[in-house]
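Biologist: I'd like to learn how to read a protein structure. Could you walk me through one?

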Amino acid sequence: MQLFRTKLSAHDFTEGGLKRCLSAFDLTLLGIGAIIGTGIFVLTGIVAATLAGPGVILSFVLAGIACAFAALAYAELASAIGGCGSAYGYSYAAFGELIAWLVGWNLILEYGIAVAAVANGWAGYFGDALAAIGIELPKALTHAPASGGVVNLPAALIILILMGLLILGVKESARLNAAMVGIKLLTIAVFVAVAAFHVDPELWRPFLPFGWFDHTPEGKPVGVLAGASIVFFAYVGFDAVSTAAEEAINPKRDVPLGIVASLGFCTLVYMLVAALLTGVVPYSELNVSSPVAHALHLLGIHWASALVAAGVIAGLTTVMLVLYYGLTRIVFAMSRDGLISPWFAHVHARTRTPVRVIVLSGLSMATIASLVPLGELAELVNIGTLFAFVLVCGGVVVLRITQPDLHRPFKTPLNPVFPLLGALSCGALMAFLPKLTWYRFLLWVAVGLVIYFAYSYRHSNLAPKPVKVRRLR
């Protein structure tokens, strides 16, 4: 039973010396900063062209519904338990240490791979922007070795720049995020305003060219449901809001508000952009790295296309910033609990940020982004996040039973119906992911189990302490 020892109360989730300075508005913008990025600027077109056609609108709806159930569960646990560990901390309270470790271990993969993947996309757009003004970067410095280069230098540099910003403090990071969010929302507004006058309803026929769910002759899943499991990546990041609980001014009110508001707003934006994108150009022509800018280019509106390209750079920057931030707070929480070395739990006296975690994480992700073309590894982000969401939804039900008197400023409606629907819908999306993704996920879990039993189990703060026996002379 020691494998399932739990943190029994909110009191166990102690403060770690982080600075409380984020308002509900800051937290909402953090959520928008993390959510609106790769999904809307890249995945919308790729999924429409290869998996769902105009039905990508429904893919976003289904993924958004699954996330909505999970968001309500996050909001309840964030208000009742708090802590900067997000789903890791909530699983610690509900299911015990082993499950919490697996959730935390997968969140590290989720955030780390996501930042490196987005950095690769950012580097591509940055290179295109430089080329547009006559500055060509050599291929050796913009591609990984497997792609014919030596190192992807822009991808590494943007992560290192964000590393420096996070070291300065969370409030400074929030200010940059707010400015970048403003730029990308302006970009989306321009696209909506322009595309609305060029919609051809005939382009939405057939609406479901790939059906709801099917397989290609090669065995690849296609259809609306397969599309939903992939565009789920577009929503990865709203859970990062919960990692800011120890830096929120009023976490029991502001964190739930930030989670629900950012997810609701972004879901509406995704549906609107997907509808317009597939309504202005044939869905088959959207299998490009920048479908929004590409669509405007095909319409002959080049000034808007250039503006969107600039907005993409700003949008991807905020995604990396918030996910990087979330990663450092989860590692900090796991270190504080003794599951990884306490060396990572140090907080800088002046900036009140976990500088050691920030630096080590930044150097690791910069190395991966500069040397590895990630490709299908991005799917690992989805499965790891869905796994965490299933457990968070289940955690609400378990804690309502095991700790009925726990103070809950925010309660998930229709318990246990909504939490169970969240667990089932997220579990269903996991089932629609390719088999190779499952194999990689299980391998990562196996590595995590080895680390847990080799180190974490014995060094945990909840591990039994040896009794010292004094010898009588």
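Modeller: Let's go from the whole chain down to single side chains. Keep in mind that this is a predicted model.

Biologist: Where do I start? What does the secondary structure of the protein chain come to?

Modeller: Begin by listing the helices and strands. Here there are 15 helices and 2 strands.

Biologist: And how do I judge whether the chain is compact?

Modeller: You compare its radius of gyration with what a rule for globules gives. For these 473 residues the rule gives 23 Å and the chain has 22 Å, so it is as compact as a globular protein of that length. Along the principal axes, the C-alpha atoms fill a box of roughly 90 × 50 × 45 Å.

Biologist: What share of the residues is buried?

Modeller: Buried residues make up 56% of the chain. As for the accessible surface, it comes to about 18,900 Å², and 70% of that belongs to carbon and sulfur atoms.

Biologist: Can contacts tell me how the sequence folds back on itself?

Modeller: Look at how far apart in sequence the partners are. Of the contacts between residues at least 6 apart, 82% join residues at least 24 apart.

Biologist: Is α1 largely enclosed or open?

Modeller: Count its buried residues. In α1, 11 of the 12 are buried, so the rest of the structure largely encloses this helix. Among them are Leu27, Leu29, Leu30 and Ile32, along with Asp26.

Biologist: Which helices do those buried residues pack against?

Modeller: They pack against α7 (170-195), α9 (251-280) and α11 (302-336). The buried ones include Val224, Ile230 and Val231.

Biologist: What about charged side chains? How many salt bridges does the whole structure have?

Modeller: A search finds 3. For each pair, check the N to O distance, then ask where the partners sit. Arg400 and Glu76 come to 2.9 Å at their closest N and O atoms. Arg400 belongs to helix α13 and Glu76 to helix α3, 324 residues apart.

Biologist: Which residue is the other partner of Glu76?

Modeller: Arg408, at 3.2 Å from N to O. Arg408 lies in the loop between α13 and α14, so its bridge to helix α3 ties together parts that are 332 residues apart in sequence. Put together, Glu76, Arg400 and Arg408 form a network of salt bridges.

Biologist: Are these three buried or exposed?

Modeller: Read the relative accessible area, where under 20% counts as buried. Glu76 has 1%, so it is buried. Arg408 is buried at 9%, while Arg400 is partly exposed at 22%.

Biologist: And the remaining bridge?

Modeller: Arg205 pairs with Glu202, with 2.6 Å between the closest N and O atoms. Both of these residues are exposed.

Definitions and conventions: Residues numbered from 1 in each chain as written. Predicted model: local features only at pLDDT ≥ 70, side-chain atom pairs only at ≥ 80, totals over all residues. Heavy atoms only, no water. Buried < 20%, exposed > 50% of the residue type's maximum accessible area, 1.4 Å probe, protein only. Helix = DSSP H or I, 4+ residues; strand = E, 2+ residues; numbered from the N terminus. Contact = heavy atoms within 4.5 Å. Salt bridge = Lys/Arg side-chain N within 4 Å of Asp/Glu carboxyl O. Rg over C-alpha atoms; globule rule 2.2 N^0.38 Å. Areas by Shrake-Rupley, 256 points an atom, 1.4 Å probe, with all protein chains shown as cover.
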